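I opened this notebook to record what I looked up in the structure shown below. The entries take up salt bridges, then pockets and a cavity.

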Amino acid sequence: MSKTVAIIGASNNRNKYSNKAVRAYLDKGWTVYPVNPNLQEVEGISCYKSIEEVPEPIDRISVYVPPQIGINLLPVIARKKHNELYINPGAENNTLIQKAYELGLLPIYACSIIAIGSHPSSYPNS
């Protein structure tokens, strides 16, 4: 059974790291759940409107939304059954990280693409 990852803020824009993450996780054999309330699909995969809709359990949640959006998602993330929470560069600020800890989450502030042994530059913009 493959590992699962929810990519919050997944995008169809191949210039964005949230799209590169979808491609990187797929290449590594993960089951990917793109999450974006404004999209129907990302890279040919059905997109979920919210993290609440993603089936459990989730091995990893990877956040790619601005901190002012991410902070409002933390209570829902805290209720979801998952093993790891990655807050990618650009999606963090001190308030978000503090709130995550207050909710009992143990956020990992790092690039989740690199964490799986890939590099964003391996995924071209076109």
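**Entry 1: salt bridges.** I took a salt bridge to be a side-chain nitrogen of Lys or Arg within 4 Å of a carboxyl oxygen of Asp or Glu. By this rule I counted four salt bridges. I noted that the model is predicted, that local features need pLDDT of at least 70 and side-chain atom pairs pLDDT 80 or more, and that totals for chains, interfaces and linings use all residues. Residues are numbered from 1 along each chain as its sequence is written, and side-chain values use heavy atoms, with hydrogens and water left out.

I looked up Glu 43 and Arg 14, whose side chains form a salt bridge at 2.9 Å, N to O. This pair links distant parts of the chain, 29 residues apart: Glu 43 is in the loop between strand 3 and strand 4, and Arg 14 in the loop between strand 1 and helix 1. Helices (H or I, at least four residues) and strands (E, at least two) are DSSP runs, numbered from the N terminus.

I then turned to Glu 84 and Arg 60, which meet in a salt bridge at 2.7 Å, N to O. Glu 84 belongs to strand 6 and Arg 60 to strand 5, so the pair ties together parts 24 residues apart in sequence. For accessibility I used relative accessible area: buried is under 20%, exposed over 50%, and partly exposed in between (1.4 Å probe, protein chains only). Glu 84, at 27%, is partly exposed, whereas Arg 60, at 7%, is buried.

**Entry 2: pockets.** On a 1 Å grid over the protein atoms alone, a pocket is an open set of points with protein on both sides within 12 Å along at least five of seven lines; a cavity is a set where a 1.4 Å probe fits but cannot get out; lining residues have an atom within 4 Å of a point. A volume is the space filled by probe spheres set on the points, which are joined across faces, edges and corners.

I found about 210 Å³ in the largest pocket. Its lining has 17 residues, with Gly 9, Lys 16, Ser 18, Tyr 64 and Val 65 nearest the centre. The second largest pocket holds about 180 Å³ and is lined by 13 residues.

**Entry 3: the cavity.** I found one cavity of 30 Å³ or more. Which residues line the largest cavity? They are Val 63, Val 65, Gly 70, Leu 73, Leu 74, Ile 77, Ile 87 and Leu 96. Helix 2 gives the largest share of this lining, four residues.
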